[in-house]
Amino acid sequence: MKEKLQKIREEAMSQIKSSDELSKLNDVRVAFLGKKGKLTAVLKSMKDVLPEDRPAVGQLVNETRSAIEEMLEETKKQLEEAELEFKLKQEVIDVTLPAKRNRIGHRHPNTIALEEVERIFVGMGYEVVEGPEVEYDYYNFEALNIPANHPAKDEQDTFYINDKILLRTQTSPVQVRTMETRPLPIRMIAPGRVFRSDEVDATHSPSFHQIEGMVIDKNITFSDLKGTLAEFARELFGKDTKVKFRPHHFPFTEPSAEVDVTCFKCGGKGCRFCKGSGWIEILGCGMIHPKVLKMSGIDPEIYSGFAFGVGLERIALLKYEIDDMRLLYENDDRFLAQF
Ligand code: DAH
């Protein structure tokens, strides 16, 4: 028995020594100490040993087992260390290499201008609302007092989805939607994309943005409109900016006006930027036509209001002195990174 155990021990040791991988080492463990392992088999045959010899043999078996286990454990550690070493050598990281820069984008000039306009009006207590870009002809034209054969419809030629549905030509339909759904009084601005069948050039695009504004309450007068827009112009272009109201016509306002601001480049003296006039046109506005109020269920005998519409691109171009609208849509990084 003694020799048998000695043989098992030597055999195990030699196999352990020649294991150069963890998986092979595990095979050796199973072959000797596993359920059907050689040493386990010896243990099972203890019943054939004479009772008086059992303690001594038992001790010998245990010693053999411990010796093999110890050797297995030690070799396992060595193999694991070697494996880690190998991995570390394989995966060298060169900490001196320059880092990859994450390029972070930033806001588009249109967005910056819009946020500025929103900041100004929200500061005066206005709500920011939105309306759909695909709109009913009714909201885009009819409810704004532009009947089917009105010439203004030609000026704002657009893309029709069908007879009744189109891509909105202006943000003014949001006025109507707001009047229909919001409780009075109303103070809102409505920014958004609009569409016209225009050719692309330095000042035109088939798709651009407007910001609509509307106030309805009792006793709203033209002086409220003037004061509001004068304040808006001062906030946007500087405190010395002056405004000029020129009579104009819009079907949904009466009276209507176009508003010019003093050129912020020359302060009104006249320069290349304002084409020598000292003034720059920025928006259209007026007192909401009584017919428009009535069509949306508001009594013009009790309520009155004003409205205005600003071109967002126009503001961005003016503020950043950009001379070609197309630059805003080309998404050239070198251009956009300047703002
Ligand atoms: N919707 C007009 C346009 O696109 C701009 C406009 C003018 C809006 C006067 C208004 C307004 O609200 O009162 O040309």
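Is Tyr138 buried, partly exposed or exposed? Tyr138 is partly exposed, because its relative accessible area is 33%. The classes are buried (under 20% relative accessible area), exposed (over 50%) and partly exposed in between, with a 1.4 Å probe and protein chains only.

This is a predicted model, where local features need pLDDT of at least 70, side-chain atom pairs count only at pLDDT 80 or more, and totals for chains, interfaces and linings use all residues. Residues are numbered from 1 along each chain as its sequence is written, and side-chain values use heavy atoms, with hydrogens and water left out.

**Surface patch**

Tyr138 sits in helix H6, residues 137-140. Helices (H or I, at least four residues) and strands (E, at least two) are DSSP runs, numbered from the N terminus. Together with Tyr136 and Met295, Tyr138 makes a nonpolar surface patch of about 280 Å² accessible area. Patch members have over 30% relative accessible area and no salt bridge; nonpolar side chains (Val, Leu, Ile, Met, Phe, Trp, Tyr) are joined within 5 Å, like charges within 9 Å. A salt bridge is a side-chain nitrogen of Lys or Arg within 4 Å of a carboxyl oxygen of Asp or Glu. Areas come from the Shrake-Rupley method with a 1.4 Å probe; for residues, only the protein chains shown count as cover.

**The sheet**

Seven strands build an open, mixed sheet in the order S1-S4-S5-S9-S8-S7-S6. S1 (127-128) and S6 are the edges; each has a single partner strand, so one side of each lacks a neighbour in the sheet. Two strands pair if DSSP finds at least two bridges between them.

S1 and S4 run parallel, joined by two bridges. Glu127 stands opposite Met188 in S4. S4 (residues 186-195) and S5 run antiparallel over ten bridges. Val194 has Phe208 of S5 as its bridge partner, and Arg193 faces His209 in S5. S4 is mostly covered, with eight of its ten residues buried.

A hairpin of two residues joins S6 to S7. Val243 stands opposite Val261 in S7.

Thr241 lies in the loop between helix H9 (222-237) and S6. Thr241 is buried, because its relative accessible area is 9%. Its side chain reaches the backbone oxygen of Phe237 at 3.4 Å. A polar atom of the Thr241 side chain is also 2.6 Å from the backbone oxygen of Gly238. A polar contact is a pair of N or O atoms within 3.5 Å; within protein, one must be able to donate a hydrogen and the other to accept it, and residues adjacent in sequence count only if both atoms are side-chain atoms.

**The ligand site**

Around the ligand are 16 residues, of which Gln170, Ser172, Arg196, Gln210 and Glu212 come nearest. The cut-off is a heavy atom within 4 Å. Strands S5 (207-217), S8 (279-288) and S9 (304-311) each supply at least two residues of this shell.

| Side chain | Distance to a ligand oxygen atom |
|---|---|
| Gln175 | 3.0 Å |
| Arg196 | 2.8 Å |
| Glu212 | 2.6 Å |

The ligand has 350 Å² of accessible area on its own, and the protein covers 91% of that.
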